Amino acid sequence: MNAVLNLGGSRLSQLEKRMDAAASFEDWHALAEAHDQASGADEWRETAESTLYDWTEIQSRHDKLKRCLEEKSWRELLYALNEGVHGNMGGMGRPILYGRARCGTKQLIDAYVDTICKALDAIFKCPDNIIAFTEKVDFFRRASHCYGRSALLLSGGAGLIYFHHGMVQELVEHDLVPNVISGASAGSIVAAQLGIHTDAELKAGHFVNKRYQEVMRTPLKDVFLGKLSEADARISKERSLDEMVPRDMTFQDAFERTGRYINVSVSAAEKHQSSRLLNAITSPNVYIRSAISASSSIPGLIPAERLYARGFDGKPRPYLTTRRWVDGSVSGDLPAKRLSRLYGVNHFIVSLINPVVVPFVHDVTTRQRRGFRTRLSVAGLKMVEESLALMEKYVARTGEAGNRIAAQLAYTMRMLEQDYLGDINILLRKSDFKWRHTLFDFRGDEIEQLILAGRRTTWPKLAQIRNAAKISNTLDHILEQLSFVGMADGMASKHHIVV
């Protein structure tokens, strides 16, 4: 018996090593299916019963929706949907349900999500003489408001940005990029590109092929070591921005081009001021280039920047003229609460590369209990915060140089105080992390390997992301179409999410 168990364990271990080395999603998924078969997780997926969720409620609702669709009972179907479209119906959205099998969760949950989307589409396409257009609009607006939506949050991390590239490219290729995207510092650069490039452009391998050449010509470490004058550093930064976004595109322009709500965090340079979240709703006329430039201004190394916007005359002008802004990671790396207020977001997908916090963060969302290792990490983080606070007080008394160091320590503490976990977390693994990468110091094929690391880390999360985002994306798509149809009746809104 022990020999059989050892043989099974050896087989699973071999499959896990091959999964970690897979070069494509197709290869990884084939190995994951073999792993589920060897571990018995495939039988767990096929069996609806589980104490982890209310499977009887999900089964009952699924059967009812299927029956209405088969019988084309559109009014009955609408009534059934009005009973509630919820992402966590019967606990089916619990992350722990995605920790048992490598290929996803219970097949009943997958089928239920697919059936809800088919039902929503059927109501949308139902003839207006059965369900009136105004009734459809009312239903889909309420359903969208009640269900909420997912947002993608991209942290800062300088040269580790290529991990974001791999993660985002994988979402692009599986049509799973949420309509709401937020980024700070390096994350804002990726968010901006998602906002200005169409799906066709992104699917052509945009993030796999994209390279930032200026930071290779003018190494970031030269800025850290003070080898560049302020003027040369600013010129280099402008050349870097030329590689990322056009000079004259505003947040509103980007939304009208792609329909995606991109958000850029900027932190106030002044100690007692609040950070801001720039986007097509709160600051439609601000230039995206100006926003990511400010969000990438590392305090103490790159001077705080002023924001610029397009004026009513079409010419650039200062935005909030008396204020200056720095790196968005300082106080708004992952601005979940603001996104919730603006867009009704209630589900967060986090891609974390921030080198200050990566050593302390572990994804515990798919575990039933938080273990000793997690508690130790929290305690270690608290110890670092307290040490930095003492250091700040000490160096602040040592003159001008000390004040600059104290400011850096204060910014670091503000970063450590933030919450870095969402509902689905794609974290840079410590085995893929090298400090020199933050300075864009790459050798050989290390950029390609970091991109691949982002893709590999995303593959196990795709099934969870798909089930979380599929219904909200369906609702958003339908609302867009209803908005165009209702344009002549004065019912349309440029920003359908907030109507």
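Begin by selecting strand E8 (residues 345–352) and strand E9, which pair in the parallel sense over 4 bridges. Strands are DSSP runs of E with at least two residues, helices are runs of H or I with at least four, and both are numbered from the N terminus; two strands pair if DSSP finds at least two bridges between them. The model is predicted, so local features need pLDDT of at least 70 and side-chain atom pairs count only at pLDDT 80 or more, while totals for chains, interfaces and linings use all residues. Residues are numbered from 1 along each chain as its sequence is written, and side-chain values use heavy atoms, with hydrogens and water left out.

**The strand pair**

Stay with these strands and select Ile349, which stands opposite Ile424 in E9. Next, display Val350, also placed in strand E8. Val350 has a relative accessible area of 1% and is therefore buried; the term buried means under 20% relative accessible area, exposed over 50%, and partly exposed in between (1.4 Å probe, protein chains only). Between Val350 and Ile426 the C-alpha to C-alpha distance is 5.9 Å, although 76 residues separate them in sequence. Now colour strand E9 (residues 424–427) by side: Ile424 and Ile426 are buried on one face, and Asn425 and Leu427 are buried on the other.

**The nonpolar cores**

A nonpolar core is a set of buried Ala, Val, Leu, Ile, Met, Phe, Trp, Tyr and Cys residues joined through side-chain atoms within 4.5 Å. The largest has 87 residues, and those touching the most other members are Leu152, Tyr162, Val168, Leu194, Phe251, Ile288 and Ile292. Select Leu152: beyond its neighbours within four places in sequence, its contacts include Val168, Leu194 and Ile349. Contact here means heavy atoms within 4.5 Å. Elsewhere, a second, separate core of 45 residues includes Leu65, Leu78, Ile109 and Leu479.

**The aromatic pairs**

There are 9 aromatic pairs in the structure. Rings of Phe, Tyr and Trp (its six-membered ring) pair if their centres lie within 6.5 Å; planes under 30 degrees apart count as stacked, over 60 as edge-to-face and the rest as tilted. Select Trp28 and Trp459, whose ring centres are 6.5 Å apart with planes at 40°, so that this pair is tilted. Because Trp28 lies in helix H2 (residues 25–39) and Trp459 in the loop between helix H21 (446–458) and helix H22 (462–485), the pair ties together parts 431 residues apart in sequence. Trp28 and Trp459 are both buried.

Move on to Tyr261 and Tyr343, a tilted pair because the planes stand at 55°, with ring centres 5.1 Å apart. Tyr261 belongs to strand E3 (residues 261–268) and Tyr343 to helix H18 (residues 336–343), 82 residues apart. Both Tyr261 and Tyr343 are buried. For a cluster linked by ring pairs, select Tyr162, Tyr212, Phe440 and Phe442.

**Two polar side chains**

Select Thr258 in helix H15 (residues 251–258). A polar atom of the Thr258 side chain lies 2.9 Å from the backbone oxygen of Gly195, and one lies 3.3 Å from the backbone nitrogen of Arg260.

Finish at Asn467 in helix H22, which counts as buried at 10% relative accessibility. The Asn467 side chain makes a polar contact of 2.8 Å with that of Tyr98 and one of 2.7 Å with that of Asp110. A polar contact is a pair of N or O atoms within 3.5 Å; within protein, one must be able to donate a hydrogen and the other to accept it, and residues adjacent in sequence count only if both atoms are side-chain atoms.
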